[in-house]
Protein chains: 2
Amino acid sequence: MSEPAGGLNAEQLGTYFALMEVSSLLQYAVDEHLRADGDLSWVQFQILARLANAPEGRLRMTDLADGVVYSRSGLTYQAGLLDKRGLISRSPSPDDERSTMVTVTDAGRDLVAHVLPGHVDRVRQLLFEPMTGTDLAALGEVLGRVRDHMRANPPRSAKPRAGRNRGE
Amino acid sequence: MSEPAGGLNAEQLGTYFALMEVSSLLQYAVDEHLRADGDLSWVQFQILARLANAPEGRLRMTDLADGVVYSRSGLTYQAGLLDKRGLISRSPSPDDERSTMVTVTDAGRDLVAHVLPGHVDRVRQLLFEPMTGTDLAALGEVLGRVRDHMRANPPRSAKPRAGRNRGE
DNA sequence: TATTGTTATACTCTATAACTATA
DNA sequence: TATAGTTATAGAGTATAACAATA
């Protein structure tokens, strides 16, 4: 942790590791709660939460996969599970017959509402408790900027098929 | 993202999601590189890196599992893989016959050294490029504090066996 | 009795590629 | 031909519980 390993100084390296450690610990804690309280994985919760926040509770499969950091087949698998449980429904898009629109059902919204308080509680306790208002503002601003930067240079959303960047 | 969902205001919620999104995107990018360049998963790299940074390149299994966010059986599995590839070696501890000491081999160190430049390069490009020095200092300070806070209130390191918090 | 580590097992998840259908 | 989504398959990873050995 002390030598300038290649291109990052000690401060950068430490920050990088702290970021990964914090998010990892947070995700474990949150995942644990979601499973216990709503039998949901972190990814499933994200899917439902995004849908619940979407204009009419509906999104295209592709947009959903793009939002959540996920492969298409992975999303199909998860959507299948959520569908089976009646938390979402899928139907062909009227505009584009190829597309599938995913919609949160009332049961899905209820489940999110049921799980959210405890979820938010953990996040506050673990992540925000040791932060001041200034910390929060700074953190939010920087992370938002970094996220936009990462989204701009698609790091893994590089389409699995669009045959251009298959390195090998 | 607008209503004060239970206990977090919009700013907190946005920061929370940004944190998870950033770490998720970063991990995918880094993982991709590690696999391509060294046939290592993110967890395996972490194990090797921690060992390479340890006093004599050696740590107890338990300490290693505790450092990496991992279950014991999971670590045994990963250690088995790394052992098979000759990247680490395991031997009973002289002090405590129950313990196993894990040591990085020269091959393990070489692999870390081989992979590190490209690894660090991705991190710099994705995470640090859009940051100023002030951002970095603030981020590092806050995240370090949060990590210590999380480690203090063991969120998932709650020992699997130590029979006290088995809720059911 | 408590702790360290391993193993066996069962399961979840994920990615790849092949496939269908529509644009 | 390109895009949206599904499916089949195969593999990696993870957790649980049972186990053996030492403290």
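Biologist: Hi! Which residues line the largest cavity here?
Modeller: Hello! In this predicted model, the largest cavity is lined by Asp135(A), Ala138(A), Leu139(A) and Val142(A), together with Ala138(B), Leu139(B) and Val142(B).

Biologist: Which helices supply at least two residues of that lining each?
Modeller: Those are helix H6 (133-152) of chain A and helix H6 (133-152) of chain B. The largest share, four residues, comes from H6(A).

Biologist: And what is the lining like by class?
Modeller: It has six nonpolar residues, no polar ones and one charged residue.

Biologist: What volume does the largest cavity have?
Modeller: About 30 Å³. A search of the whole structure finds one cavity of 30 Å³ or more.

Biologist: How does anyone look for empty space in a model?
Modeller: Rolling a probe the size of a water molecule over the atoms shows where space is left empty.

Biologist: Let's switch to the two chains. How can chain A be laid on chain B?
Modeller: A turn of 180° with a shift of 0.0 Å along the axis does it, and the RMSD is 0.0 Å. That is the relation of a two-fold axis.

Biologist: Through what surface do the copies meet?
Modeller: They meet through the same surface, because 100% of the interface residues of chain A are also interface residues in chain B.

Biologist: Okay, sheets next. What is the strand order in chain A?
Modeller: Chain A has an open sheet of three strands in the order E1-E3-E2, with antiparallel pairing. Strand E1 (58-60) and strand E2 (88-92) of chain A are the edge strands, and each pairs on one side only. On average, neighbouring strands of this sheet are turned by 25° against each other, direction ignored.

Biologist: How many bridges are there between E2(A) and E3(A)?
Modeller: Five, in the antiparallel sense, with strand E3 of chain A covering residues 100-104. Within E3(A), Val102(A) is the residue that Arg90(A) stands opposite.

Biologist: And the sheet in chain B, what order does that have?
Modeller: E1-E3-E2, as an open sheet of three strands with antiparallel pairing. Its edge strands are E1 (58-60) and E2 (88-92) of chain B.

Biologist: How many bridges join E1(B) to E3(B)?
Modeller: Three, and the two strands run antiparallel. Arg58(B) stands opposite Thr103(B) in E3(B).

Biologist: Last one: which helix packs on that sheet?
Modeller: Helix H2 (residues 42-53) of chain B does, touching E1, E2 and E3 of chain B. The direction of H2 makes about 90° with that of E3(B).

Methods: Residues numbered from 1 in each chain as written. Chains lettered and ligands numbered in written order. Predicted model: local features only at pLDDT ≥ 70, side-chain atom pairs only at ≥ 80, totals over all residues. Heavy atoms only, no water. Least-squares fit on C-alpha atoms with pLDDT ≥ 70 in both. Contact = heavy atoms within 4.5 Å. Pairing = 2+ DSSP bridges. Axes fitted to C-alpha atoms, helices over the stretch in contact; angles between N-to-C directions. 1 Å grid on protein atoms, 1.4 Å probe; cavity = no way out; pocket = protein on both sides within 12 Å on 5 of 7 lines; lining within 4 Å. Points joined across faces, edges and corners; volume = space filled by probe spheres on them. Nonpolar A, V, L, I, M, F, W, Y, C, P; charged D, E, K, R; others polar.
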